[in-house]
Amino acid sequence: MADDRKLYLGLKLRVLRRELGLNQTRMAEELGVSPSYLNHLERNQRPLTAQMLLRLANVYDIDIRDFVAGTQEGAATALGEILSDGLVRDIGIARDEVLEVAENYPGVSEAIGRFYRALSDLRRLPEQVGVGAAAPLHAPLDWLREAVARAGNHFAELDVAAELLSPELGDDPSALQAGIRARLKERHGMGVQIVREDVLGGTLRHYDMHRRRLLLSERLASSGRLFALAYQLCAQEMADGIAAQVARTGPPDEDSRRLAGIALTNYAAAALIMPYDRFTKAAEQSRHDLLLLRARFGVSMEQLGHRLTSLGRTGARGVPFFMVKIDRAGNISKRFDGEAWPFARLGGTCPRWDAHAGQEPDAVGAQLIERLDGRRFLSLTIGLPRDGGARGRSVIALGCEAKHAGRIVHADGIDVEKGSAVEVGPTCHLCERRNCPDRALPPVTRALDLHGYERTVAPFPFRRV
């Protein structure tokens, strides 16, 4: 390691052990340490030493850089965003102090994060505060995003269960759809029926429990019908595994539990349609040709993008993509951070990012972007077809660190090291890039530097110190 900072990676170590299907005693034996020492590491009571990192790399064939990256940096970024809030901004907490807390006291960082999210929930419900109504301690959607991020958007047990089921159903999308229909009928007594849109009254999928019929709207595209069938089959045959995974995430309330159940059943359905081993091989062989992969597996671009972010199997990891779904107003309705999300975790994105410009459904736009710290990322955007009566068109944006660009066909022709990159920031109110003409807000970390006798190209000029 380049410096002497201590690494507390207990969560990642615990996730790795679960992925490998090991208990603490077995992993301790394989690493040549005592179970109590391993327990201390997992609970962040001891830092992970360089020697232990090398043992992990040798025994379990992991990339040390990937294993270490993301955890501390992500925690420090999130903590920095919290401490830029107007309530505490005037304290002027130095960056190195934030790093020290995030890296050496991860439990404190997590506690601060939970308090801040609770405060944010209360701010969203001002009319309920002061009248005795109980506000939720954690919005279910925020909780789910956090739980998925902690797992690295990878749930090994569900991938394994889907791979065991997949060979019995067929590979080709049409064969797979027919195989799922037959299995639902033969093993579960369920029929499938395509019905007119007006019959379902705006619903795309409905399961009639009394007649044991799955009703699918005629509006659903082929990819939507396949996914709906896979969802129903996984809900039947992987129910115990999904319930166990939901329980491990520790939902704080019933709404969060239900939301996690739906999200993990969606994950299982994607894993059934795009089985891990076959999908990762196809992705690598095609150099992540998004349009080809979409056609080969019969999925939508949104389903494909989500699956690409979930390839975290130990020893067979895919490109660590991040993904967002953005509408034309810039609202993020879905986000999976990956290992190197280049923007703010608690705010919006940078207006200089091409994802906001939109893209046609069958065209992939590539952009090379560079953060303030010099790290470069490849961004891929593709538009989604208009859904139902929606006026606007949403965009799926995938991205990864530029070092992976050689594995992606859409990056051909881009010199990721010497080529021109668009300079971006975390989000306007946290960005200290001085000469940005697209800035919408001044940075909260700097004082404004306004003069009546001059006007700069960039709005909201601010002082360097």
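Where is the place of Ala147? Ala147 sits in helix 9, which covers residues 140–150. This is a predicted model, with residues numbered from 1 along each chain as its sequence is written. Local features need pLDDT of at least 70 and side-chain atom pairs count only at pLDDT 80 or more, while totals for chains, interfaces and linings use all residues; side-chain values use heavy atoms, leaving out hydrogens and water.

**The chain as a whole**
- The protein chain has 18 helices and nine strands, taken as DSSP runs numbered from the N terminus (helices: H or I, at least four residues; strands: E, at least two).
- Of its 465 residues, 44% count as buried, that is, under 20% relative accessible area with a 1.4 Å probe, protein chains only.
- Looking at contacts (heavy atoms within 4.5 Å) between residues at least 6 apart in sequence, 58% join residues at least 24 apart.

**Around Ala147**
- Ala147 counts as buried because its relative accessibility is 7%.
- Ala147 and Ala260 lie 113 residues apart in sequence, yet their C-alpha atoms are 8.9 Å apart in space.

- Three strands make an open sheet in the order 1-3-2, with mixed pairing; two strands pair if DSSP finds at least two bridges between them.
- Strand 1 (191–195) and strand 2 (205–208) are at the edges with a single partner strand each, so one side of each has no neighbour in the sheet.
- Strand 1 and strand 3 (residues 213–217) run parallel and are joined by five bridges; Gly191 has Arg213 in strand 3 as its bridge partner.
- Helix 13 (residues 222–237) packs on the sheet, touching strand 1, strand 2 and strand 3.

Key
Buried means under 20% relative accessible area, exposed over 50%, partly exposed in between (1.4 Å probe, protein chains only). Axes are lines fitted to C-alpha atoms, for helices over the stretch in contact, and angles run from 0 to 180 degrees between N-to-C directions.
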